[in-house]
Structures are given as C-alpha cells and as structure tokens.
Amino acid sequence: MALENCLRVTTVGTARPQCFSTSKEKLVFPTQRVFKKSLLNNSTISYPSLYSTGGTYRKSRFICNASEAVNEVRVVTDSSWNNLVIASESPVLVEFWAPWCGPCRMIAPVIDELAKEYAGKIACFKINTDDSPNIATQYGIRSIPTVLFFKNGEKKESIIGAVPKSTLSATVEKYIDI
C-alpha cells in the first residue's frame, strides 16, 4: 500500500480544512470533516461539504516521503499493457517474473531500488508471466527474470537473468532524458 510509510497527524479545530503540499519530499492530503448529527438524519445529504460553514473539524493529515510512498514498481497485465507501457511518455522498465522463480525474487529488491532512484525519470512495472502469458509470448520471453526497456512504445533492450544493480542502472542511464 502506498500509504504504509506515512505518518497520520490528527488535530481538532474550528478552522476551514485546507489542502496543501509542504514540499517536494512531503505530501499533505486534505482534511476530513466530522459528520454532524443533523446531517446524518437528513437523507438527502449523504456527504457533507468540506467547505460548509460551522461545526467542528477534525483535521487528519498524512505526511509521506514521496519517493517511498508513490514511486514503487506497479503491476501491469495484458489488459493494461498498452496504456501503461506502450503509451508511456517516459522510458519504461518492465520485469517479467513469476512467484515460483527464485532469481525473480532476488532481483525484485533491485528493481524496487531503481524505481525509487529514477523516480520521475522512468516508469517501472512488473508482469507475472503466469497471469499474463500473451505479453510474454508477444515479446519472446523464454526465461525469467527478463527485464525489457521501452522508450516511445518501442522495445529497446532486454536483460535476461538476475543481474547486478550496476548492469540495470547502466542500461537505464542510456534511455533517460537528461
């Protein structure tokens, strides 16, 4: 879950809730309004406005380290492949893996580190070859782990096997826009 590395801060006050961001490293999400008894009894209003006047507000904020909470390796499937990988404007790294594959489990933390280090420069995805065999067949994946690099919707390079982080980093560096 993206919010697992976050800290929740709650305060009570009477001021209006606001949504703001303190810096690039921290995200502050909007506050929530506490339901009033009169609103709960009114069947026509199911969600009170955050900006209505009066009442007491309970302010909840989630303060996150953005690089840890947002930029993680996401799962791609046959149905989401075109939207997430082919149509991506940034370079894409895709790991082909399976849960039973030992070398895949060895390379997974390396891919996670790359996703954090190159956040905003590349998109990182993983695809389970057992769940999405059509994409693996389309790109001729015969052994896993295999990491493919895409830029502008085209396959640029592939790396087969559990390789060191330096090998993957050097390949990523070739395709990012400086």
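Thr-129 is located in the loop that joins strand β7 to helix α5; helices (H or I, at least four residues) and strands (E, at least two) are DSSP runs, numbered from the N terminus. The structure is a predicted model, in which local features need pLDDT of at least 70 and side-chain atom pairs count only at pLDDT 80 or more, while totals for chains, interfaces and linings use all residues. Residues are numbered from 1 along each chain as its sequence is written, and side-chain values use heavy atoms, with hydrogens and water left out.

With a relative accessibility of 14%, Thr-129 counts as buried. Buried means under 20% relative accessible area, exposed means over 50%, and partly exposed lies in between (1.4 Å probe, protein chains only). Leaving aside residues up to four places away in sequence, Thr-129 touches Phe-96, Trp-97, Ala-98, Ala-136 and Ile-144, where a contact means heavy atoms within 4.5 Å.

Ala-136 counts as buried because its relative accessibility is 7%. Its own contacts, again without residues up to four places away in sequence, are with Phe-96, Thr-129 and Ile-141. Between the C-alpha atoms of Ala-136 and Trp-97 the separation is 9.8 Å, although the two residues are 39 residues apart along the chain.

Strand β7 (residues 123-128) has five of its six residues buried, so the strand is largely enclosed by the rest of the structure. Two strands count as paired if DSSP finds at least two bridges between them. Strand β5 (residues 74-75) pairs with β7 in the parallel sense over two bridges, and Arg-74 stands opposite Phe-125 of β7. Strand β6 (residues 92-97) also pairs with β7 in the parallel sense, over six bridges. Here Phe-125 in β7 is the bridge partner of Val-94.

Together with helix α4 (residues 102-117), β6 and β7 make a right-handed β-α-β unit. A crossover is right-handed if, with the strands pointing away from the viewer, the path from the first strand over the helix to the second runs clockwise. The open sheet contains five strands in the order β5-β7-β6-β8-β9, with mixed pairing. Strands β5 and β9 (154-160) stand at the edges with a single partner strand each, so one side of each is left without a neighbour in the sheet. In a regular strand the side chains alternate between the two faces of the sheet.

Five aromatic pairs are found in a search of the whole structure. Rings of Phe, Tyr and Trp (its six-membered ring) pair if their centres lie within 6.5 Å; planes under 30 degrees apart count as stacked, over 60 as edge-to-face and the rest as tilted. Trp-81 and Phe-96 form a tilted pair, at 6.1 Å centre to centre and with 50° between the planes. Trp-81 lies in helix α3 (residues 81-86) and Phe-96 in strand β6, so this pair ties together parts that are 15 residues apart in sequence. Both Trp-81 and Phe-96 are buried.

The rings of Trp-81 and Phe-150 have centres 5.5 Å apart and planes at 80°, so this pair is edge-to-face. It links distant parts of the chain, since Trp-81 in helix α3 and Phe-150 in strand β8 (residues 146-151) are 69 residues apart. Phe-150 is buried, as is Trp-81. Ring pairs join Trp-81, Phe-96, Tyr-139 and Phe-150 into a cluster. Elsewhere, Lys-126 lies over the face of Trp-97, at 5.2 Å from the ring centre; a charge sits over a ring if NZ of Lys or CZ of Arg is within 6 Å of the ring centre and within 35 degrees of the ring normal.

For the protein, the secondary structure comes to six helices and nine strands. Of its 178 residues, 33% count as buried. The average pLDDT is 74, and 59% of the residues score at least 70; pLDDT is the predictor's confidence in each residue, from 0 to 100. Over residues 1-54 pLDDT stays under 50, and the model has 94 contacts beyond four places in sequence for this stretch. Where pLDDT is low, the predicted coordinates should not be read in detail.
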